[in-house]
Amino acid sequence: MARLHEVKGILPALVTPFKKDESIDEQALRDLVNFVIEKGVHGVVPVGTTGEFMYMKPEEREKVFKIVVDEVNGRVPVIAGCGASGTDIALDLVKRAEDIGADAALVVSPFYIAPWDKGVFEHFRRICSSTDLPIVVYNIPQCTGYFISGKVIEDLAEFENVIALKDSSGSIAYILEVIERTEGKLNVLVGHDEIVMAALMAGASGAILASANVIPEVWCQLYDAVQRGDITKARKLQLGAQKVARIITRYGGPVAVKAALGMRGIKVGKTRRPLVSGGVLSWEDREELRLELEKLGVLKPSYGRVEEFPKEEFSDIGLTPEVIGKHGMRVAKCSAGSGTEEVILSAVVGTLESPISEAFALALSLPREGYEALTAILEPNLMVRPATLIVPAVKVENMRQASMIYGPVQAAVAKAVADSLEEGTIPKEFAETGLMIVKVRIHPNALNRKMIYGNTYEAMRTIIKEIWGG
Amino acid sequence: MSKKFWPRGVIPALVTPFTKDGKIDEESFRRLIDHLIEQGVTGIVPAGTTGEFMYMKPEERKRVIEIAVEQADGRVPVIAGTGAASTKLALEFTKHAEDVGADAALVVTPYYVRPTDKEVYEHFEKIATSVGIPIVMYNIPQCTGFMMQWWLVEGLAEIDNIVGIKDSSGDMRFLCSLFEKVGGKISIICGHDEIAAAALLAGADGVILASANVLPDIWLKIYNDVKEGRIESVRKTQRRMQKLLRILVRGGALAIKEALRMMSLPSGYPRLPLILGDVFGYEHWEEMRIELEGIGKIPKSEVTFEVRGKTIKSMVPAIPETPRKISNLTFRVGEGFAGPPIFEVAHIDLILGLKDGPVGRVCEKILKQPQKGHEPKVVMERPFTVLVPTVTVRTERHARLVYEHALNGVKMGVEASINDGFLPEPLLDDLVLIANVFVHPVASNARRVMLNNFKAMRYAIRKAIEGRPTADAIFMYKESARHPFRYTP
């Protein structure tokens, strides 16, 4: 086999699919390899950080190398993740990778107890002098606690089989430093999904990315755009993928990648413990990830059901039209925005002596699943006055909807009430003597938080003006 | 001890009181200085970190030092904060302090752009050899990004005019290396409130502390206990203070000013960017208040409850914003939030009212017709308190956390509020409380769930009774409010 001299293009840091019993899911791994190759990637990296190498035994890692090398079958280079804290263990893995037929090995700097420059240099020197396999040096200080300095890279570049540096630190300054110091002796591969475009422009030859499992086509297009010198296109692609990149790199790593692949229909199972869904990747972020994939067009939005607007809006909490009329309570309804970002609010307002206090208490203390009420707060420990209750009128079915109602909607209603009280639209004495209940309807597939916040604020301000100004 | 000045004892790092529109509040400043000197402090530090030196113009800093020297009037030494990022500016401030009669100058290591040891050495050398006033060096790496090493201190201690070092790093190893290398040669002062007692026990000459604005008597007791060898007593005092100190260190000048205000020693407002609800959060404010009450710094005073013709007097730990007369308890809403950790936060929407009013009626209703997944549970009979879960309860674990642990916390919160006087004993049969309690579905740390709900319930009750936040507080903080779920991740 011809020796690999340079690495370039987009290389997904493959996740390792596990079955329910945490054993390696061979078929899923083969499917994943084919999925990314068909989408145009220029190589694959099994058993890296995203591949949960730190949770796998050497035999398991070897098994993954074998499956991947077999399934790839020479179509693209395979760079095997061989990192370990101890030099001998890492070297053993490199030799196994070499025997199996991987094209290169990715070797992370020692972690847990991180040595300094000398120890790190010796780690790589020992490995390089004991194998012919091309080596990609891997800098990921956020995991290892150690930043491989440019000076150490300068020296490592002198080894013939060190062909590249993968840098996941996210520092463009560092990437440029390495390119400048090593004078073309090695390639730099960016490993931080949030700066791919900038790094490629800066002279990185390619990227090893967690998110390239999920959206390989986007990154390949971006790589091509940079090769053609189409900066505008490259920027647009990076910004389009920015949130996906951010969620994956900062909040979820392999958990997020596996969740997102699942959404795309590529079943790769769950991560090994301690990583679990609802941990580093919160349920809210998971839904946000889905939403971003919808925006990128790789997922079709799944439209839900909007309930019909009920006539007797507040009768369910005892405020029938008769009661409202009899006690001089005031009501108003208003919508703002359009499409999935449309917000429809209706409100009832009354004094503490009126039946609204009982309705307020009832709505808060007798929650119905999916329609749970909460007070309007600017942020925790900063509720507004008059005390205002927000009640969803469309059933909240998932965390994404919940994060809209109990996020931008809650904040915007609170801000509208506070602003209206300050400017005097809501009479000052009403802050202590009155209550407000607001029913909220937003589309189950609402996408844009900023628009939801803006539309809610606008609708709420209009309602308040209707009630007190008219 | 050949040095001409030897800082020792308990020295408050004075806050600088500002008026609401940002001017130096001279009157409050002078009052604070008098108060602290009367309490027995052994020196004062104007224009230090706690004095917000970095937010003041040169003329203002100089003025603050002038006022302090004038007001102390020789009763205690004044160690003026004269640090600056540049040597020239620090020298200018130090010369000024000397001219106006300060007894020493506290000079912080240069910050923002991190210098090397050589540059820091020459910074102090230049200042110390250009003035006659004694210099106390100041190490505070969490602000400057630069940690002094013992060899740097050891070298600088050779300079005649350098008489001490204040170390705020909180690093006991560093202090111990200073005792070893320069002990007895220069004064070694601890500037980190959380370890100050330990530092004194280990041999520090004194302390310069933010919390000594608030607790001068307690620090003097600790200092004297150390001198007399009453180690057990020091430990006891320190442990009782630990939580409060943690909060005060976190909250800095803002927390100190709020604490003094709560204690009816108003010391003005901080300058921006310091703002309540940020590093020093609303829940820290509530917790600080409770801690100050616990050590008798906010004594109980009389509040009148008027309910349906009954007049009940209750002793509560009132602060300036506590209404002295509370007249309508038919229906009140309060909200309380307490964390961390993130998945164990407690968030309570509380409705508090009279049994024969709307709250009482609703209470009866919900107990008769519970909603699936949101079943209410009676917490206690007196006052009648019901818990309702915010989030639908779906798992065994979640049910246990809500109905056992959060419930216990809510109960403790009510009991504490009775004890505090916010729920007066004669009214307990008339009151009904409904707590809508949020427990995250993936919460696991049961003890934290309980404690956070205890705190959140206590805050919510206080806020409902005291009518907080007031409209004015809402106006003051609404623009800077940052709802945690308003933004995309």
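**View 1. How confident is the prediction for chain B?** Chain B has an average pLDDT of 95, and 100% of its residues score at least 70. Keep in mind that you are looking at a predicted model. Its scores are ipTM 0.81 and pTM 0.85.

**View 2. Chain B meets chain A.** Here 46 residues from chain B and 46 residues from chain A make up the contact. On the chain B side, at least two residues each come from helix 11 (282–294), strand 11 (331–338), strand 12 (346–354), helix 12 (358–368), strand 14 (384–389), strand 15 (431–438) and helix 15 (471–477). Which helix of chain B gives the most to this side? Look for helix 12 of chain B, with six residues. By type, the chain B residues that touch chain A are 24 nonpolar, 13 polar and nine charged.

**View 3. Two helices of chain B cross.** Now find helix 2 (residues 58–72) and helix 3 (residues 87–100) of chain B, whose axes come within 10 Å and cross at roughly 25°. Because angles under 35 degrees count as roughly parallel, helix 2 of chain B is roughly parallel to helix 3 of chain B. The crossing of these two helices is right-handed.

**View 4. The residues where helix 2 and helix 3 of chain B meet.** Helix 2 of chain B brings Arg61(B), Lys62(B), Ile65(B), Glu66(B) and Val69(B). Facing them from helix 3 of chain B are Phe93(B), His96(B), Ala97(B) and Val100(B). Sorted by type, the residues of this contact are five nonpolar, one polar and three charged.

Terms used. Residues are numbered from 1 along each chain as its sequence is written. Chains are lettered from A and ligands numbered from 1 in the order in which they are written. This is a predicted model: local features need pLDDT of at least 70, side-chain atom pairs count only at pLDDT 80 or more; totals for chains, interfaces and linings use all residues. Two residues are in contact if their C-beta atoms, placed from the backbone, lie within 7 Å. Helices (H or I, at least four residues) and strands (E, at least two) are DSSP runs, numbered from the N terminus. Ala, Val, Leu, Ile, Met, Phe, Trp, Tyr, Cys and Pro count as nonpolar, Asp, Glu, Lys and Arg as charged, and the others, Gly among them, as polar. pLDDT is the predictor's confidence in each residue, from 0 to 100. Axes are lines fitted to C-alpha atoms, for helices over the stretch in contact, and angles run from 0 to 180 degrees between N-to-C directions. Angles under 35 degrees count as roughly parallel, over 145 as roughly antiparallel, 65 to 115 as roughly perpendicular and the rest as oblique. A crossing is left-handed if the near helix is turned anticlockwise from the far one by less than a right angle, and right-handed if clockwise.
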